[in-house]
Number of protein chains: 2
Amino acid sequence: MPFELSKEYFTQLEKAIEAQDEAFIQESMNELYPADIANVLYELDDDDARYILGLLDKETGAEVVSNLNAYWRADFLKDFDSAQIAQFINYIDSDDAADILNEQPGKVREEVIALLENREKARYIIDLLHYEEDTAGGLMAKELVKCNINWTVVQCVDEIRRQAEKVDRFNSVYVIDDQGILKGRVSLKKIVLSKANTRVSDIYDDDVVSVESHQLAEEVADIMQRYDLESIPVVNVRGKLLGRITIDDIVDVITEQADLDRQAMTGLSGDTEDDDTVLDSVKARLPWLTIGVAGSLIAARFMGLFENEIILAPALAFFVTLIGGTGGNVGIQSSSVILQSLANKSVLETSTVQRLIRVLLIGLLNGFVLSCIVFAFNIAFGTDLRLAMVVSVALISVVLVASFTGTVTPLILDKFGVNPAVASGPFITTANDILGIAVYFMTARLLL
Amino acid sequence: MPFELSKEYFTQLEKAIEAQDEAFIQESMNELYPADIANVLYELDDDDARYILGLLDKETGAEVVSNLNAYWRADFLKDFDSAQIAQFINYIDSDDAADILNEQPGKVREEVIALLENREKARYIIDLLHYEEDTAGGLMAKELVKCNINWTVVQCVDEIRRQAEKVDRFNSVYVIDDQGILKGRVSLKKIVLSKANTRVSDIYDDDVVSVESHQLAEEVADIMQRYDLESIPVVNVRGKLLGRITIDDIVDVITEQADLDRQAMTGLSGDTEDDDTVLDSVKARLPWLTIGVAGSLIAARFMGLFENEIILAPALAFFVTLIGGTGGNVGIQSSSVILQSLANKSVLETSTVQRLIRVLLIGLLNGFVLSCIVFAFNIAFGTDLRLAMVVSVALISVVLVASFTGTVTPLILDKFGVNPAVASGPFITTANDILGIAVYFMTARLLL
């Protein structure tokens with residue numbers, strides 16, 4: 001059963017740590033999965049966490065380390081010497097091992113690799129360190145089970161036996177030729193059901209989706225999601241089998257991307273967590289707020305040009321929020337729809353012109369309905385008729401302008417390789433604020 | 001290799017459809033995976049799509065249908081009679097089959113189930129239709145391979161042989177007792193490596209994470225992600241094995257949740273797609289825009305109370321956007337951070353009071369920096385000193401208020417079971433607009 005950490009459990013554990021009650025700690029950790037132990041460690045101070053980790057058997061300890069959050073781990077491992085880190089790495093798959101070492105300074109990295117007992121793993125890790133983190137090469141593990149296309153099933157089973165310790169979970173064996181080129185795969189199910197002397201070439205499936213090591217993590221995620229894959233082989237440009245990526249790593253890629261998009265949309269820079277220090281939080285939030293403030297100050301200067309209008313009709317000022325706010329909301333909605341279609345990549349791109357016509361049509365309808373509501377309200381509350389007209393005309397114009405910018409901005413950002421989610425944030429809101437005020441006061445000058 | 005649909009390919013295909021060139025169509029479809037064929041069908045009109053589907057062999061056709069997007073499929077299948085739908089269902093796993101039938105009217109559902117040749121599948125589907133869509137029961141498939149704990153490995157292999165046709169991909173066999181209670185699992189790897197007369201009870205792993213059928217899809221996603229699982233068994237309250245959920249369905253759950261959050265944050269109702277009709281888009285967008293407009297009209301009435309202040313100092317109006325906009329941005333940032341921690345559920349909850357103190361501290365620092373920037377700007381551009389002071393004091397107050405509401409609103413919504421992502425949308429922006437203006441003009445009345 002999945003484990004929930006309760007306050008009671010935690011108090012008990014802290015007492016046990018203080019009393020150095022090793023029996024209790026080991027027994028209670030035995031009931032937990034490594035991912036849960038990792039969650040327990042986050043709540044302890046570093047000394048206590050190190051103490052508990054030391055009480056676990058080596059393999060469990062290593063699994064806990066590989067389950068830790070990267071930021072927390074980078075810091076936590078600083079207090080371990082290279083030999084201790086190498087102890088963990090011996091039990092960790094090459095992909096996670098490379099990630100852990102990538103978080104450490106170059107000196108530690110070299111020392112740990114030199115200290116590894118398992119020389120094959122050392123070679124794997126050195127190889128993986130070459131790849132960019134957000135590519136297929138950076139995600140893959142070198143551990144996999146492969147067999148030669150000319151083998152029989154019994155040779156294949158022997159190979160599985162040899163590799164079984166190193167490779168945890170797999171439901172198929174990759175098939176390669178003498179040059180190491182990926183030819184296909186044969187499922188464990190087929191191996192179980194085939195006679196010992198059957199040739200692999202007679203039962204293997206030659207239609208296997210693979211990715212090249214340079215492909216981006218997001219592409220890999222798209223492909224695995226589209227074809228419902230649990231793992232995918234990674235090859236080089238010549239088709240040679242290099243490693244494999246399992247779906248659990250891709251789930252993490254998808255979740256991280258969603259988090260980053262959300263942060264970009266709400267104007268937070270970098271990877272922000274609820275438990276960052278106050279100063280880190282200020283640093284993450286201030287840049288976008290400053291841009292927003294700068295935009296509003298420009299808007300304020302701009303309104304200064306219309307001081308006479310405001311003196312003539314102070315009520316004009318009452319609707320500044322209405323115009324700016326609605327523009328902001330419409331802009332965000334439009335960009336959100338575009339973001340979604342950029343994320344899901346519709347196969348045949350609708351042409352930009354078609355899309356804009358559609359968006360402007362939606363804007364026209366929305367703007368019309370909203371203008372009517374506002375007009376009715378203004379008449380009901382005795383606003384001057386001419387002012388009511390100015391507000392409604394400006395509102396419909398602003399909705400149109402914001403629909404346009406909300407649609408175009410993410411498309412342009414995407415074209416220039418910037419995360420288009422940024423466009424849903426304070427940037428587009430501020431742009432629409434300024435545009436809205438411009439439209440509003442121009443209309444006022446024309447009509448009043 | 002993953003397939004990209006090009007305009008050229010599509011033109012060729014349309015020509016072939018017109019010429020009824022079945023050989024070309026079948027050959028080109030043979031090169032595609034079902035998920036790709038589904039993408040091709042979306043781009044065709046319904047008659048052409050039906051024509052192509054008819055040319056595929058039955059099994060591929062069924063796989064294409066199960067890959068189709070639910071909304072598109074519900075509509076597309078309306079033109080098929082129940083016997084044709086039953087043909088597809090025969091080849092589709094029970095979980096997807098139940099989803100497809102759930103999209104259809106009750107009459108079609110009953111007819112299709114009655115027409116199924118495979119009576120076991122019919123029973124599976126009837127069983128699955130009872131579960132709520134967003135629970136473990138609604139996600140699970142009944143197809144799985146299980147063996148009795150008292151069996152030997154050779155009996156287990158026989159069972160795999162019997163089930164092999166029905167169950168596509170699995171890397172472990174679930175172990176049950178005579179009452180059908182889940183006892184654990186044994187990996188295919190172990191089966192391959194064990195002697196034929198080994199007892200399952202000697203090699204199985206009794207430590208298996210399972211979920212109960214009533215648990216929510218989101219909980220299942222959390223658990224599978226936490227423990228890096230590729231599939232998870234579903235049991236009833238007594239521990240009886242009911243079915244299993246595979247990670248591909250969970251990946252879809254995660255992606256959908258991220259999309260829904262994003263839409264909620266940007267004030268779109270329901271499931272919005274870029275290619276909805278114009279009217280659907282208007283309906284999805286209008287409700288939140290109207291709420292925003294209503295809020296701004298309240299703000300306008302409120303500002304009406306301060307008409308005298310505006311007549312005395314028209315420049316007061318220039319900074320309404322600054323105050324309202326910054327309040328909105330700060331509110332969204334604060335709620336986004338809370339959203340993230342609600343989504344990732346930190347294990348030991350920080351107490352609400354601690355959190356608020358932290359948030360207010362961040363707000364104070366951000367507000368102070370922004371106020372200084374604005375004050376410097378105002379002095380540089382010759383704004384009246386007292387007005388400059390009003391603006392800066394109001395700004396720092398607004399940042400504090402918005403930090404507070406942005407933090408508290410999602411927490412309250414979450415407590416009442418409303419998707420807290422809604423709070424990042426127009427709702428909180430509008431609330432902060434009104435609050436901001438209130439704070440601003442009160443300050444003005446006090447200080448001017």
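Let's start with chain A, residues 204–260: UniProt annotates them as "domain: CBS", in an unreviewed entry. Such annotations may be inferred rather than shown by experiment, and feature names are shortened.

A quick word on the model. It is predicted, so local features need pLDDT of at least 70, side-chain atom pairs count only at pLDDT 80 or more, and totals for chains, interfaces and linings use all residues. Residues are numbered from 1 along each chain as its sequence is written, chains are lettered from A and ligands numbered from 1 in the order written, and side-chain values use heavy atoms, without hydrogens or water.

Back to residues 204–260 of chain A. They are 42% helix and 23% strand. Helices here are DSSP runs of H or I, at least four residues; strands are runs of E, at least two. The end C-alpha atoms lie 40 Å apart.

Residues 356–380 are 100% helix, with end C-alpha atoms 35 Å apart. Residues 387–413 are also 100% helix, and there the ends are 38 Å apart.

Ile373(A) sits in helix α21, residues 352–380 of chain A.

Now chain B. Asp249(B) is in helix α16, residues 247–265. Beyond neighbours within four places in sequence, Asp249(B) contacts Asp95(B) and Leu139(B), with contact meaning heavy atoms within 4.5 Å.
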